[in-house]
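Open the model in your viewer and keep the sequence panel at hand.

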Amino acid sequence: MAYEIDSIKLSQSIFYYLLCNSELKETDEPELYKAYAENEEVMNLVKSQGEIADCMIERYGNVIYIMPNISNTYLGFSKADLKRELCKSGATDKDYYLSQFVLLTLLTEFYDGQGSRCKSRDFMRAGQLQNLISERLKAGKEAEEEEEEVEKTGLDYQSMSEAFEALKSDDKNSRKKTTKEGFLNSILDFLEKQNLIVYIQEDEMIKTTEKLDNIMEWKLLNKNNYNRIMKALGVLEDE
């Protein structure tokens, strides 16, 4: 299929803007946004460039996002990258999987996948999140011992609990990744850098951004995905 040169140039401009900014808002770049939203040829060209770059290009509401696929470690993060960003020095796989458990717990607290609006709360405090992680790890470990939960859910609660308990307890403002508070702070700081949450450290307040709300609402969250995650976290029982 032959494309007009103007469409090709527009699509390249849009894709480059997304690479530089991660998102394209109608209010920031109305002409580029309109070209993507109203011109199917331009939209297909942008999406095609995204496929070549191992990314998804999606429009939610009045914002266009570029989202690296899991396999994309150039625009996204590899397992090793996340270990360095989120975990203490010399982190093992136990520490890495604990960090992913924290992320899942945070998401499921903000989004319940029910009704017309999947978001279930507007904010939570870091202390609440820490207590919740501790409670769920303890419950999962107990269930694992009784029912061989590691085979049923794929989550190794024993190892994650060991990694969590190996972290020291310190004051709430700790920045050391060897403490529970510092470990959580490093994860929250990382999410804020990705424009997924707003973290007000003085009040220990965590709020989600429009970007995360849109992604969870329109793409990543549905009833099946939600139930699967909640079962893995031990919140829902198998039917």
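The stops below start with the overall fold and end at aromatic side chains.

This is a predicted model: local features need pLDDT of at least 70, side-chain atom pairs count only at pLDDT 80 or more, and totals for chains, interfaces and linings use all residues. Residues are numbered from 1 along each chain as its sequence is written, and side-chain values use heavy atoms, without hydrogens or water.

**Whole chain.** Show the cartoon. The protein chain has 11 helices and 6 strands (DSSP runs: H or I of at least four residues for helices, E of at least two for strands, numbered from the N terminus). Of its 239 residues, 42% are buried (under 20% relative accessible area; exposed is over 50%, partly exposed in between; 1.4 Å probe, protein chains only).

**Aromatic pairs.** Now select the rings. There are 5 aromatic pairs (Phe, Tyr or Trp rings, six-membered for Trp, with centres within 6.5 Å; planes under 30 degrees apart are stacked, over 60 edge-to-face, the rest tilted).

Select Phe77 and Phe190. They pair edge-to-face, 5.0 Å centre to centre, with 70° between the planes. Phe77 sits in the loop between β3 (63–68) and α4 (79–86) and Phe190 in helix α9 (residues 180–193), so the pair ties together parts 113 residues apart in sequence. Phe77 is partly exposed at 34% relative accessibility; Phe190 is buried at 9%.

Next, select Phe110 and Tyr111. Their ring centres are 6.4 Å apart and their planes at 50°, so this pair is tilted. Phe110 is buried, at 1% relative accessibility. Tyr111 is buried, at 1% as well.

**Last stop.** Select Lys180 and Phe164. Lys180 lies over the face of Phe164, 5.2 Å from the ring centre (NZ of Lys or CZ of Arg within 6 Å of the centre and within 35 degrees of the ring normal).
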